[in-house]
2 protein chains.
Amino acid sequence: MTGAGAAVLTSSTDRYRYEQLITFIRELIDGGVFAPGSRLPSVREISVQRRISISTVLQAYRRLEDQGIIEARPQSGFYVARKSASSLPPPRPSNPPRRARDVSVSRMILDLLEYAADPRLIPLGCAIPSSELLAAGRLDRYLARAARVKGTEHNIYTGPRGDARLRQEIVRRSALLGQMVSPDEIAITCGCTEALMLALKAVARPGEVIAVESPTYFGVLHVLEALGLKALELPTNASDGVDLGALDQALATGSVAACLFSSSIHNPLGFRMSDEKKIALLKLVARHGVPLIEDDIYGDIYFGNEPPRPFSAFDRRAQTIYCSSFSKTIAPGYRIGWILAGRYLPKVLEYKFASTLCGPALPQVAFADFLSSGGYDSHLRRIRRTFENNVGHMLRAVEKAFPDGTRVSRPAGGFVLWLELPKRLKTRKVLDLALREGICFAPGDVFSASGRYTNCLRLSCGHNWDTRLERAVNRLGEIAASALAGD
Amino acid sequence: MTGAGAAVLTSSTDRYRYEQLITFIRELIDGGVFAPGSRLPSVREISVQRRISISTVLQAYRRLEDQGIIEARPQSGFYVARKSASSLPPPRPSNPPRRARDVSVSRMILDLLEYAADPRLIPLGCAIPSSELLAAGRLDRYLARAARVKGTEHNIYTGPRGDARLRQEIVRRSALLGQMVSPDEIAITCGCTEALMLALKAVARPGEVIAVESPTYFGVLHVLEALGLKALELPTNASDGVDLGALDQALATGSVAACLFSSSIHNPLGFRMSDEKKIALLKLVARHGVPLIEDDIYGDIYFGNEPPRPFSAFDRRAQTIYCSSFSKTIAPGYRIGWILAGRYLPKVLEYKFASTLCGPALPQVAFADFLSSGGYDSHLRRIRRTFENNVGHMLRAVEKAFPDGTRVSRPAGGFVLWLELPKRLKTRKVLDLALREGICFAPGDVFSASGRYTNCLRLSCGHNWDTRLERAVNRLGEIAASALAGD
């Protein structure tokens, strides 16, 4: 398997050639040089042509096979997988009502979380990575050491910005994404959730309107509901995000207090917006003088070699508020996120201080030690591969199991799949039936303030792929098919 | 000293007799049997009369001496300290304007916190116990163990209520205070601050009025400000809290959405309300159908032998919301508080979930291990003695150093002193002068929404008493005296 094989790539040169080869082959496939179903050059041919060891080439092929991009045929060699041209079409662009509305999703979300906390259910519902997959042992050891050695020193309030060393480490990483900030411009938060809450408190008052993607992450809707804000859902394309024309029209009405969009890898649609579109979008909100809150929690889980850059990396007007956390990449249990609030920082700090004073010190100290020790990037490389494999497996299972007319997202990162089923199918009904069989997923309506997406659902790929998950997806497909067949 | 001497009391019988003797002597002094300045029975006399070992009697006397209640005169014996009759009068009952008003204290509070974070300043400002005094090493070791052994298991979201074992431990302690709740009725919070915030969100909407004591803890005012709530300051007596007549009148107007009072040990006045008055107050709010939020953060730091009981222990109508934390007694750095929200729990959980999802898991696991190990009560006994000693030292230093006309609180617990100086003295001016000399304290106006108490100040006794603190209090007294003398 990938995990064991990767250990062979001991030198950084090997690792570089391996990554380069994968990119090279993917580009050939994506560019149509090798069509779906066609035979790829043999391992030996590639090895000779590109002067790479046979074992490295073989590993690259195995990796692409894990991703579902190519497939091995016994005694014959490697072929471009038919599914990379994809047997299922992508979800249709959304077209929500052009009217802001109050949000009321909290009951549905609390239900979903209860399912997520139930270990008897097969966890396809909430986008929570399994702790086995995250393997945060090194971070835990830093926490143990901090508690043993630095407990007395840190049995204090950190101040509303949070631990200074952790902020320095985050600044260092932010710079690589093009975000030029100083440690004083960051505040540590209780996960991305508190960051989003603080951002919204800083830019909007109860009753005001926030423009969001449609569908959007239900946690965003929940924060809007808790703050008494209205949601304006925007038409959104599953391949590259909000429709800029619709956004322009909405902003022109003057009724939008702020936009809240995904930075890079969208939940639930999985798209990655191009840099060009990001720059155009920023110009648009700047022209209308509307602040943009960006949620980058999945930004480090991109597939491919180029890390996506957040809006704030292109923002010259300081009109963005950036929110992220470590909850999807290593430590949901540590509850450490951060916010770059630009000109809104004083308001954010004041509200943070009034609502929680500050977060606990030692987990922040442990994170600072962990990040400065340098192991986080290799950890990220490992989990990116893992999530990409999981998503690939899930995609193939969905294609096999789900009824005709199913559409599915093509994630550019993260670890969720969005399925659009034929209009007449109600995924709430499928959920009721699935729960009886111990299977959970997120029904589509919880991703909308206007009750849309009743024929959609989201599947989480946050647990390592195994036959239990495969059987569950097969069963879901059967339930959906028989519900469609009429009853 | 007390710490070393206490080790002699090895048996529980010794400990019991020692405590009993202290109570006995205090009652004789408080009841006037031994007047200030009069000689107390000799150690030998007490030992014979009450059949207690000489060393136990001597320790009891030393403890009372540490508390400033009695004093040793070389070659002569022990005498009732003159100060227990007190040379300074208590603060006058407050009489704030009977009109609710918007709160605007955040700027002043952020300044205070910056002073608190400056290690060069002598820390008489914020009521933050020093980490040396709290000696939380055992708790830290539990955290180290939890991180080492249980990291993977707890790298998850706890759910909005928080860790189940910690809630069980808190339930066990709450029962001793007369609070009968189940673990499901508790939510763990990010300190008492988040608990107060959640409580207020659950009972009031922006623009509504909250009745508070006057003076009151500035953090309460800050939360009101952040939520857009108005404060109605109530006349408050430094010996037993709010004036019930004034409260009745205020509630009768129908404009008060909730009351927010201290449970037991008030900050900044230090009073402890009697059980009878608590019951009467509860009847009053019940009659008007107004919820009562209580802040019990100092409840475990009572002086004397009887723990105070919070309002919720007497509440038969489930109209109280109880808020507390471990930040004053062992671990400000862990940020662990809790809320018993009664009928308001669903709203509290919903808002908690939307604003922070949940707190970090491992510090909660460590606290559960620490509490179940049983060392917390002996820790509390130790710090109660320490804080009482510190307050006694501070009281005597204030009496010596401050100008005529100074009034001072008589704390029944906690670790702050409230000083009322002659009307024409502005403590803001004293603070400016004191800061130049590296001394910080909390000026009175920050404890009021209506800018009162400009001639008052609060001194924190959260650090172990030493000559540096003594010199600082002396200097403060001199600055106040010369400011009064004119210029």
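**Interface and symmetry of chains A and B**

The copies meet through the same surface, because 100% of the interface residues of chain A are also interface residues in chain B. The model is predicted. In it, 49 residues of chain A contact 49 residues of chain B. On the side of chain A that touches chain B, at least two residues each come from helix H5 (106-116), helix H6 (131-134), helix H7 (137-150), H9, helix H10 (218-226), helix H14 (345-356) and helix H15 (361-372). H7(A) supplies the largest share, seven residues. By residue class, this side of chain A divides into 26 nonpolar, 15 polar and eight charged.

Two copies of a chain are related by a rotation about an axis and a shift along it. Here, chain A is superposed on chain B by a rotation of 180 degrees, with 0.0 Å of shift along the axis. The RMSD is 0.2 Å. The two copies are therefore related as by a two-fold rotation axis. Within chain A, Ala144(A) has the C-alpha nearest the axis, 1.9 Å from it.

One helix pair across the two chains was examined. Helix H9 (residues 191-203) of chain A and helix H13 (residues 345-356) of chain B have axes that come within 5 Å. These axes cross at roughly 95 degrees. H9(A) and H13(B) are therefore roughly perpendicular to each other, since angles of 65 to 115 degrees count as such. From H9(A), the contact is made by Gly191(A), Thr193(A), Glu194(A) and Met197(A). H13(B) contributes Ala354(B), Ser355(B) and Thr356(B). The residues of this contact comprise two nonpolar, four polar and one charged.

How values were computed. Residues numbered from 1 in each chain as written. Chains lettered and ligands numbered in written order. Predicted model: local features only at pLDDT ≥ 70, side-chain atom pairs only at ≥ 80, totals over all residues. Axes fitted to C-alpha atoms, helices over the stretch in contact; angles between N-to-C directions. Helix = DSSP H or I, 4+ residues; strand = E, 2+ residues; numbered from the N terminus. Parallel < 35°, antiparallel > 145°, perpendicular 65-115°, else oblique. Contact = placed C-beta atoms within 7 Å. Nonpolar A, V, L, I, M, F, W, Y, C, P; charged D, E, K, R; others polar. Least-squares fit on C-alpha atoms with pLDDT ≥ 70 in both.
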